[in-house]
Amino acid sequence: MTPTAPHGARTLVAGVGNIFLGDDGFGVETARRLAREDLPDGVEVADIGIRGVHLAYQLLDGYDTLVIVDATARGGEPGTLYLIDAGSPDGDGTPAAADVPLDGHRMSPDAVLALLATLCAGTGAAPPRRTLVVGCEPACLDEALELSPQVAAAVPEAVRMVTDLVRQEAAV
């Protein structure tokens, strides 16, 4: 039985990245596989790809939690998974809108969140109360249509990690 989200709580899982740049397609591949999972009510999975502006506008529809799935270079071994709380006080928080250049062709997650802050200020909408990033250390970001073996091997664990996260959010 799939848990029900409390009080209409909504979660968006956004797979981001460029499928033409090898391991940068990690988020998109993970979202593709997550779309086949039995997830709690109120959880939506979106293949955002490189359409960061689309993600910012979609978030205006009102989500309690955002889970971004993306290739995330942090210096670990390729295929290492990270769970980052973007609202934590250790420097991974959402940047101020003025700190991130907005370029519709290169919308990184931090630029999307900065744009969202600007859009919310202008519309009165509320950003997600919680933003998490499930990241994977890439091995190769060169032009390629396939994930590296290390990152491809990490996708099933990323699916499990995201599934556990959204089930925990639904139970809160």
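Crossing handedness first, since I always forget it: a crossing is left-handed if the near helix is turned anticlockwise from the far one by less than a right angle, and right-handed if clockwise. I'm working from a predicted model, where local features need pLDDT of at least 70, side-chain atom pairs count only at pLDDT 80 or more, and totals for chains, interfaces and linings use all residues. Residues are numbered from 1 along each chain as its sequence is written, and side-chain values use heavy atoms, with hydrogens and water left out.

**Helix pair.** I took helices (H or I, at least four residues) and strands (E, at least two) as DSSP runs, numbered from the N terminus. I looked up H1 (residues 26-34) against H4 (residues 149-171): their axes come within 9 Å and cross at roughly 55 degrees. Axes here are lines fitted to C-alpha atoms, for helices over the stretch in contact, with angles from 0 to 180 degrees between N-to-C directions. H1 passes H4 in a right-handed crossing. I call the pair oblique, as angles under 35 degrees count as roughly parallel, over 145 as roughly antiparallel, 65 to 115 as roughly perpendicular and the rest as oblique.

**Who touches whom.** Contact means heavy atoms within 4.5 Å. From H1, I noted Phe26, Glu29, Thr30, Arg33 and Leu34 meeting H4 residues that include Val151, Val155 and Pro156.

**Cover on H1.** Buried means under 20% relative accessible area, exposed over 50%, partly exposed in between (1.4 Å probe, protein chains only). Seven of the nine H1 residues are buried, among them Phe26, Gly27 and Leu34. The cover over those buried residues includes strand S1 (11-16), strand S5 (130-136) and H4.

**Cysteines.** How many disulfides does the count come to? I got zero, with a disulfide taken as a pair of cysteine sulfur atoms within 2.5 Å. Cys136 is buried, at 1% relative accessibility, whereas Cys140 is partly exposed at 30%.

**Two spot checks.** Is Ala171 buried or exposed? Ala171, in helix H4, is exposed, with a relative accessible area of 66%. I also found Ala171 and Pro40 to be 9.4 Å apart in space, C-alpha to C-alpha, although 131 residues apart in sequence. Gln58 is in helix H2 (residues 52-59) and counts as buried at 15% relative accessibility. Leaving out residues up to four places away in sequence, I see Gln58 touching Leu12, Glu44, Ala46, Ile48 and Tyr63.
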